[in-house]
Amino acid sequence: MSGVSAGVHTGGCQCGAVRFRVEGELGTASICHCRMCQKAFGSLYAPLVGIRAPAKLIWTRGEPKRFQSSNHVARGFCPECGTPLTYEAPGDVGIAIGAFDNPEGIAPVIQYGVEGKLPFTDEMAAIPERRTEQDVETAVFLDTIVSNQHPDHDTETWPAN
């Protein structure tokens, strides 16, 4: 299982209080279906990519707050906005794929914890799709949204807005 190409990969939380840089090749990208990951991400599963030596993870703004979710694993999240950021076990750090500025190049290659997989996740590709602009019932509401989300790149200051 090869990682994502070497180089510099940046990312951060939704509000921008925590930003990071990974220097080097990313490790294995995965999805974990275990119940602990479902709860940590507040989602159906946790998409993560490993960071292993010689790659270096550097916190460039702030640092996650951590919750010790088990005797071996801590979960890092932004103390300001709550964005899930890390899975940290002895000798193993995973970063949330969605927290990267360019997540489209980090495709999962394996699924873990499948005993906890929610049965409908295998059927998700068959669920009808609709683009945001096609949702005419909420068009007026959508037109009034002003995003406070941090941009997908580093900024000199925080908050960036």
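Here are a few exercises on the predicted model above, each with a worked solution.

Local features need pLDDT of at least 70 and side-chain atom pairs count only at pLDDT 80 or more, while totals for chains, interfaces and linings use all residues. Residues are numbered from 1 along each chain as its sequence is written, and side-chain values use heavy atoms, with hydrogens and water left out.

**Exercise 1: The overall picture**

Work out which pattern of helices and strands the protein follows along the sequence, and what its radius of gyration is.

*Step 1.* Start with the elements: there are two helices and 10 strands. Both come from DSSP runs, numbered from the N terminus (helices are H or I with at least four residues, strands are E with at least two).

*Step 2.* Now the dimensions. Along the principal axes, the C-alpha atoms fill a box of roughly 50 × 45 × 30 Å. The radius of gyration is 17 Å, which agrees with the value near 15 Å that a compact globule of 161 residues would have. It is taken over C-alpha atoms, and the globule rule is 2.2 Å times the number of residues to the power 0.38.

*Step 3.* Look at the contacts (heavy atoms within 4.5 Å). Of those between residues at least 6 apart in sequence, 57% join residues at least 24 apart.

*Step 4.* Finish with the surface. The accessible area is about 10000 Å², and carbon and sulfur atoms own 54% of that. Areas come from the Shrake-Rupley method with a 1.4 Å probe; for residues, only the protein chains shown count as cover. Buried residues make up 34% of the 161, where buried means under 20% relative accessible area, exposed over 50%, and partly exposed in between (1.4 Å probe, protein chains only).

**Exercise 2: A covered strand**

Find out which residues cover the two faces of β3 as buried positions, and which residue C32 stands opposite in β4.

*Step 1.* Take β3, residues 29-32, face by face. A29 and I31 sit on one side, S30 and C32 on the other, and all are buried.

*Step 2.* Check the neighbours, using the rule that two strands pair if DSSP finds at least two bridges between them. With β4 (residues 46-51), β3 pairs in the antiparallel sense over four bridges. With β10, the strands run parallel and three bridges join them.

*Step 3.* Zoom in on C32. Its opposite number in β4 is A46, and its bridge partner in β10 is Y112.

**Exercise 3: Following R66**

Identify the residue that meets R66 in a salt bridge and the one R66 stands opposite in β7.

*Step 1.* General idea first: side chains of opposite charge can pair when their charged atoms come close. The cut-off here is a side-chain nitrogen of Lys or Arg within 4 Å of a carboxyl oxygen of Asp or Glu.

*Step 2.* For R66, the partner is E88, at 2.9 Å from N to O. This pair links distant parts of the chain, with E88 in β8 (residues 84-89) and R66 in β6 (residues 65-68), 22 residues apart.

*Step 3.* R66 is partly exposed because its relative accessible area is 32%.

*Step 4.* Across the strands, R66 faces G76 in β7. β6 and β7 (residues 74-77) pair antiparallel over four bridges, and a hairpin of five residues joins them.

**Exercise 4: Other salt bridges**

Say how many salt bridges the structure holds, and why D122 counts as exposed.

*Step 1.* The count is eight.

*Step 2.* One of them ties D122 to K117, the closest N and O atoms being 3.0 Å apart. D122 counts as exposed because its relative accessibility is 52%, while K117, at 21%, is partly exposed.

*Step 3.* Another joins E23 and R21, with closest N and O atoms 2.9 Å apart. E23 is partly exposed at 26%, and R21 is partly exposed at 26%.

*Step 4.* There's a network too: salt bridges link R19, D101 and D154.

**Exercise 5: Loops**

Locate M124, and name the residues joined by a cis peptide bond.

*Step 1.* M124 is in the loop between β10 (110-112) and α2 (139-143). M124 is partly exposed because its relative accessibility is 32%.

*Step 2.* Together with F120 and I127, M124 forms a nonpolar surface patch of about 270 Å² accessible area. Patch members have over 30% relative accessible area and no salt bridge; like charges are joined within 9 Å, nonpolar side chains (Val, Leu, Ile, Met, Phe, Trp, Tyr) within 5 Å.

*Step 3.* The cis bond joins A53 and P54, with omega about 15 degrees. P54 lies in the loop between β4 and β5 (56-61).
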